[in-house]
Amino acid sequence: MKSDFSVGLADKLCGAWDSEGGTPVELNSFAERAALVRGVLAIVRGEAVVKPIQPPTEEAPKPVPFRFKVGRTIKLGLHKTPAEYRKALKAANVEIGIYAGQILDKITVSPTVAEVDLSEPFTVANLGFTGTTRYDAIKKRIVALGGELCPNEAGPADRLQYPDQPLGEWYRIAMEGLPDASRVLDVFYIEHDSFGLYLFSDNGDPDTLCNPDFRFVCVVPRKK
């Protein structure tokens, strides 16, 4: 049973509603929303406080895709045959690995002198991979991010034109693998350690697994 107080309070509420221009239909709709009524009463009784509406939080900025930066420009076609490259490498005191020597004989030499921009060395992790990753996936990601695979001549050409490579630096040439004598696909590997400059090779089969810290360089296309 309703008390006199509740009836009186209801009359006051109706009067206040009318004075503000509210309609009976709106008041009835308000009264049927029990949760809303309880909330209003809690505020009136001091059991709750009104909190300002907080503006929507801005979405966290999306990470900027990795971009290749030009490290150096090299020239292709300065030597006309693999034999000429081998001779030049020997004269420069570059040690050629066994398998690197085997794929050196199979490079395609540019018929004319042409410049290409090589990227700064980047890691597999820079490409967005967090675990060991197949080499074919790495090649696809390089292209998807705007880079290009290196022509295979870039291996010996880069080695000859980078005599001041910092001590301890190493990286692979991102290229299509060339078959060595055992028909295993290899890619060139450039290194400078305390013993000198090297032109080595590493596995370049599509299913070769690369750790996140493996380093590569690719071609950075020039804007047309």
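Pro65 sits in the loop that links helix 3 (34-44) to strand 1 (70-76); helices (H or I, at least four residues) and strands (E, at least two) are DSSP runs, numbered from the N terminus. Residue numbers start from 1 along each chain as its sequence is written. The model is a predicted one, in which local features need pLDDT of at least 70, side-chain atom pairs count only at pLDDT 80 or more, and totals for chains, interfaces and linings use all residues, while side-chain values rest on heavy atoms, with hydrogens and water left out.

From C-alpha to C-alpha, Pro65 lies 8.5 Å from Leu127, although 62 residues separate the two in sequence.

Now to strand 9. Strands count as paired if DSSP finds at least two bridges between them. Strand 9 (residues 196-203) runs parallel to strand 2 (residues 95-96), with two bridges joining them; here Tyr198 of strand 9 has Glu95 opposite. With strand 8 (residues 185-193), strand 9 pairs in the antiparallel sense, over eight bridges. Strands 8 and 9 make a hairpin, with two residues between them, and His192 faces Leu197 of strand 9 across the pairing.

As for confidence, pLDDT (the predictor's confidence in each residue, from 0 to 100) averages 85 over the chain, with 72% of residues at 70 or more. Residues 1-5 fall below 50, and beyond near neighbours in sequence this stretch has one contact in the model (heavy atoms within 4.5 Å).
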